[in-house]
Amino acid sequence: MKKHVALPLVLAVGLSLGVAAPAHATGAAPAPAPADAPAAAAGEDAEPAPLRTVRVTTSAELAAAFKAALPGDRIVLADGEYTMVKLADKAGTAEHPVTVEPATLGGAVITGGQLEVARSSHVVVRGLTFRNGTTLKITASTHVRFTRNDVALRFEPPADPTSSRHWLQISGEGSGHHRIDHNAFHDKTLMGNYVTVYGGATQISQHDRIDHNWFGDSPAQPVNGGEAIRLGVSALSDSSSFAVVEHNLFENTDSDPEIVSIKSDDNTVRYNTVRRSAGAFVARRGDRNVIQGNYFLGEGKPGTGGVRLYGDDQLVYGNYFEGLAGSGYTAALQIDGGDVDGSGSTSAHWRVHRATVVHNTFVDNASSIEVGANYLYPPVDSLVADNLVVGAAGPLFVEHKQPAGVTYSGNVASPTGAATLGIDAAPREVRVVDPLLVRSGGLWRLRPGPAMNTAVGSYPFLVEDLDGQPRDVRPDVGADEVSGAPVTRRPLERDDVGPAAP
Ligand SMILES: [Ca+2]
Ligand SMILES: [Ca+2]
């Protein structure tokens, strides 16, 4: 099953990002990696052959190799423990990157020092095990790839438990085009984010891609500031990031009510799987962000949430929400109120204008769709359409304050047991009917019945369902399309992400 879906995934990602498809993507078996490069995998991971291989066995040799590194160098760390140093002012190219990797995946363990890639381009850091007690930094650089590393930093507990340590921080003027992929970030026990994307004085880093990582096991923290990923910061939240966060798995990331916090414009967060994590993906600040095709699986754990929105023109579609136990800030969907409208502090909660929330599926959540739970100004001019909402608890829709110009249309709801619909809605707004869901592939799916072929909206972006199957000419309500086409996406498991993933 996993092998069956891997190839279409690679193809789809490569095509969607406009990068060249790997040579073996036509179906031929991938060529074996060179014997001395076991950390390098095929496909998307393929890197150009090095011009020179520099083997190091000690921290002193590593430091010397960094200092002398030339474009096309592959610096290979023998198994052992190392103190890391800064890698600065290396102008690699796409054809001749500077690559740092272990002789065997996981065999080189960083126990001291600090990795900072500064003022450099086309640097690849691959397959290292970070167990040191300092943050990782990518500073004023472009095209840095941080891939297949295992990161469990070991900070000394600070005197002030609310002071934070951001594990991997991207920042600096001119930053962009980085890829953070196939890493494991886990066991964060202090304040701070796993991955933080900053920028320069006025512009956030652009076109970064964060994909196929495992974010795991970060316990609750005393105050806000423990996100798995934060895209931006208040001061940069009016600049466009164009980041893509996709195919990541979040498990037990409980260290902030915001698992992914978007604080910039024009980001895409898609195809991620969130399991048993107390928090939500939050469009916290910035506009025109897309939250698409994610699986939020709460398994009834307290505080598990889905998506929370502020700001202008946010688009939420094709997501699947099941077993989420949160409400309010961590409702399955919270189209929240704002505390400023049109102008105000960049750290405020900006009023929602023109949110589009369509073709999502909600099953058995403690609270499914809420409007305006917090702050003063209710959402305006937004669309909630063609969603499928099924549950046996509470009201399925909650309007904490009267929204202005929010249109409901084509939604299907099925309150069972003690559940209620929760709002007065005409059948054209919310049709109350059993959609006849069936359990298959770990999800509640549609089958032929009253929700099939009955969506009322028409959206140019709606080309696939939650399985990656094509939408047909008569789209079904919710995130799933009844289709016989090959399934190319499914909720991610541990084996699908991280350093050892295919
Ligand atoms: Ca259909
Ligand atoms: Ca389907």
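Helix α2, residues 59-68 of this predicted model, has Leu62, Ala65 and Phe66 among its residues as buried positions; buried means that 20 or more other C-beta atoms, placed from the backbone, lie within 10 Å of a residue's own, exposed that 12 or fewer do, and partly exposed is in between. An α-helix has 3.6 residues a turn, so residues three or four places apart point the same way. The face of α2 turned away from the buried side carries the exposed Ala60, Lys67 and Ala68. The cover over the buried residues includes β1 (52-56), β2 (73-77), β3 (80-84) and β4 (87-88).

Stepping back to the whole chain, there are two helices and 42 strands; these are DSSP runs numbered from the N terminus, with helices H or I of at least four residues and strands E of at least two. Of the 502 residues, 53% count as buried. The assignment, automatic or from a database, gives domain 1 (1-31), domain 2 (44-128 + 140-152) and domain 3 (155-496). The C-alpha centres of domains 1 and 3 lie 27 Å apart.

Residues are numbered from 1 along each chain as its sequence is written, and chains are lettered from A and ligands numbered from 1 in the order in which they are written. As the model is predicted, local features need pLDDT of at least 70 and side-chain atom pairs count only at pLDDT 80 or more, while totals for chains, interfaces and linings use all residues.

Terms used. Two residues are in contact if their C-beta atoms, placed from the backbone, lie within 7 Å.
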